[in-house]
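Me: Can you walk me through this one? I'd like to start with the packing inside.
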Amino acid sequence: MAEVLVYVDHVDGAVRKPTLELLTLARRVGEPVAVALGSGAGDTAAALAEHGAVKVLTHEAAEYTDYLVVPKVDALQAAVAAVSPAAVLVPSSAEGKEIAARLALRLGSGVITDAVDLESGDEGPVATQSVFAAAFTTKSRVSKGTPVITVKPNSAAVEPAPAAGAVEALSVTFSAAATGTKVTSRTPRESTGRPELTEAAIVVSGGRGVNGAENFAIIEALADSLGAAVGASRAAVDAGWYPHTNQVGQTGKSVSPQLYIASGISGAIQHRAGMQTSKTIVAINKDAEAPIFELVDYGVVGDLFDVVPQLTEEVNTRKG
């Protein structure tokens with residue numbers, strides 16, 4: 001069976017959930033070979049082996065931390081040369097998509113971004129995408145070179161599948177461009193204790209109907225009761241009620257959680273583009289004609305200031 005390279009997103013050896021999802025998808029089309037780079041790369045092996053990696057290629061160097069993107073592209077190019085994979089899978093983050101695009105250009109290959117599913121085909125992996133503001137679902141494959149595919153978080157379940165996970169050192173020669181853009185400083189994001197928005201299994205979002213920054217406390221309370229991330233519509237963000245980093249939509253972040261709860265959000269097309277691939281969608285809005293109700297699985301016509309606190313109380317009661 002052909003091997004499939006999986007780029008490992010990790011923090012000092014702690015593997016992030018989207019990578020484990022990629023291993024699930026990789027097993028559908030071949031044998032997963034993980035590529036872990038940077039500080040703590042060797043510490044990723046146990047988690048990767050537990051989730052199906054037959055091999056773990058590692059390389060630690062200061063360049064991965066000190067410079068942007070290009071050193072990682074150099075390493076993936078070296079891995080492709082060493083393995084000759086059937087495909088390369090990369091998490092669909094902002095950095096991941098840049099890595100994928102640069103890698104595909106170097107390989108003379110096609111690239112598919114924001115896939116939400118992957119299956120084996122007669123002529124190579126077939127990716128499913130949600131396109132045109134999630135109005136259509138397409139299936140496509142790369143017809144030239146080694147397919148490079150980025151996959152959105154929450155596109156597959158994390159499924160343990162113990163494998164050998166043999167650790168091998170990857171030989172990497174950095175290109176002249178690798179040191180072209182230096183990282184001069186880093187500021188850690190302030191932790192809220194909530195899940196990362198794009199990776200969360202549950203997202204609770206507030207929109208114009210929240211009617212003020214101070215009222216987002218009820219959205220946060222529901223999110224905290226469910227162990228969810230907090231999102232916001234563009235209207236709420238533009239009004240200064242919630243940080244731009246939490247915006248869901250075409251000009252914000254795309255999410256695909258198991259459960260998406262939209263509170264006081266009308267359902268403008270640009271917002272729908274960022275959340276329409278959610279597995280289950282619940283909307284709370286006092287306007288029964290709001291466009292959001294066209295795509296929901298469950299809708300509640302009512303004032304969010306009445307409904308959301310009651311829902312939070314019920315969740316907490318059942319948990320207790």
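Me: Which residues have the most contacts inside the largest nonpolar core?
Reply: Leu48, Val56, Leu89, Leu118 and Ile149, in a core of 27 residues. A nonpolar core here is a set of buried Ala, Val, Leu, Ile, Met, Phe, Trp, Tyr and Cys residues joined through side-chain atoms within 4.5 Å, and buried is under 20% relative accessible area with a 1.4 Å probe, protein chains only. The model is predicted: local features need pLDDT of at least 70, side-chain atom pairs count only at pLDDT 80 or more, and totals for chains, interfaces and linings use all residues. Residues are numbered from 1 along each chain as its sequence is written, and side-chain values use heavy atoms, without hydrogens and water.

Me: Which element gives the most to that core?
Reply: Helix 1, with 6 residues. Helices (H or I, at least four residues) and strands (E, at least two) are DSSP runs, numbered from the N terminus.

Me: And what does leucine 48 touch?
Reply: Leaving out residues up to four places away in sequence, leucine 48 touches Val8, Val15, Thr19, Leu23, Ala34, Ala53 and Val56. Contact means heavy atoms within 4.5 Å.

Me: Switching to the sheet: what is the order of the 5 strands?
Reply: 13-12-14-15-16, as an open sheet with parallel pairing. Two strands pair if DSSP finds at least two bridges between them. Strand 13 (229-232) and strand 16 (298-301) are the edges.

Me: How many bridges join strand 15 to strand 16?
Reply: There are 4. Asparagine 285 has valine 301 in strand 16 as its bridge partner.

Terms used. Buried < 20%, exposed > 50% of the residue type's maximum accessible area, 1.4 Å probe, protein only.
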